[in-house]
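This report goes through side-chain contacts, ring pairs, a nonpolar core and strand pairing, in that order.

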Amino acid sequence: QVKLVESGGGLVQAGGSLKLSCGASGIIFSISVMGWYRRAPGKERELVASISSGYNINYADSVQGRFTISRDNAKNKAYLQMNSLQPVDTAVYYCYAFYASRYWGQGTQVTVSP
């Protein structure tokens, strides 16, 4: 059974930083694409960042230069370092993994106050 568990969300002031973690089990982590989506209130789900098994990385334009995605295959974990956070970044952030099928975490709330 595949399980993805996010942690690291919370409340931060504008300009602050948070680091999200995603622990994975039940998948061959090293060959899976890992990534993060977010859903803000009243908005469509948005792909924030992804990292392939070969460490190819993609970012949404809205987070380019502020967010950094990484992975540690030895720990079966993916990370999202978020710097210079702004209120528009407020959303539920979901970790996902993809290998043949897509799997989702339960989400973690990130709230950025003005």
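## Arg-66 and its surroundings

A polar contact is a pair of N or O atoms within 3.5 Å, and within protein one atom must be able to donate a hydrogen and the other to accept it. In this predicted model, the side chains of Arg-66 and Asp-89 make such a contact, at 2.8 Å. Arg-66 lies in the loop between β6 (57-59) and β7.

Is Arg-66 buried or exposed? Its relative accessibility is 16%, and Arg-66 counts as buried because the limit is under 20%. Apart from neighbours within four places in sequence, Arg-66 is in contact with Gln-81, Met-82, Asn-83, Ser-84, Leu-85, Gln-86 and Asp-89.

The largest nonpolar core has 28 residues, and the members that touch the most others are Met-34, Trp-36, Val-48, Phe-67, Leu-80, Met-82 and Tyr-93. Two or more residues of this core come from each of β3 (18-25), β4 (33-39), β5 (46-51), β7 (67-72), β8 (77-82), β9 (91-99) and β11 (108-113).

## Aromatic pairs and charges over rings

How many aromatic pairs are there? The count comes to 3 aromatic pairs. One of them is the pair of Tyr-96 and Trp-104, with 5.7 Å centre to centre and 45° between the planes. Tyr-96 is buried, with a relative accessible area of 5%, whereas Trp-104 is partly exposed at 33% relative accessibility. Tyr-37, Tyr-96 and Trp-104 are linked into a cluster by ring pairs.

Tyr-37 also has a charged side chain over its ring: Arg-45 lies over the face of Tyr-37, at 4.9 Å from the ring centre. Lys-19 lies over the face of Tyr-79, with 4.7 Å to the ring centre.

## Pairing around β9

Strand β9 is antiparallel to β4, and 7 bridges join the two. Met-34 stands opposite Ala-97 in β9; Met-34 is also among the core residues that touch the most other members. Strands β9 and β11 also run antiparallel, joined by 3 bridges. Ala-91 has Val-110 in β11 as its bridge partner.

The strand β10 (residues 101-104) is joined to β9 by 4 bridges, and these two run antiparallel. They form a hairpin with 1 residue between them. Which residue in the turn has a positive phi? Ala-100 does, with a phi of about 75°. Tyr-99 has Ser-101 in β10 as its bridge partner, and Phe-98 is partnered by Arg-102 in β10.

Definitions and conventions
Residues numbered from 1 in each chain as written. Predicted model: local features only at pLDDT ≥ 70, side-chain atom pairs only at ≥ 80, totals over all residues. Heavy atoms only, no water. Phe/Tyr/Trp six-rings, centres within 6.5 Å; stacked < 30°, edge-to-face > 60°. Buried < 20%, exposed > 50% of the residue type's maximum accessible area, 1.4 Å probe, protein only. Lys NZ or Arg CZ within 6 Å of the ring centre and 35° of its normal. Core = buried A, V, L, I, M, F, W, Y, C linked by side-chain atoms within 4.5 Å. Contact = heavy atoms within 4.5 Å. Pairing = 2+ DSSP bridges.
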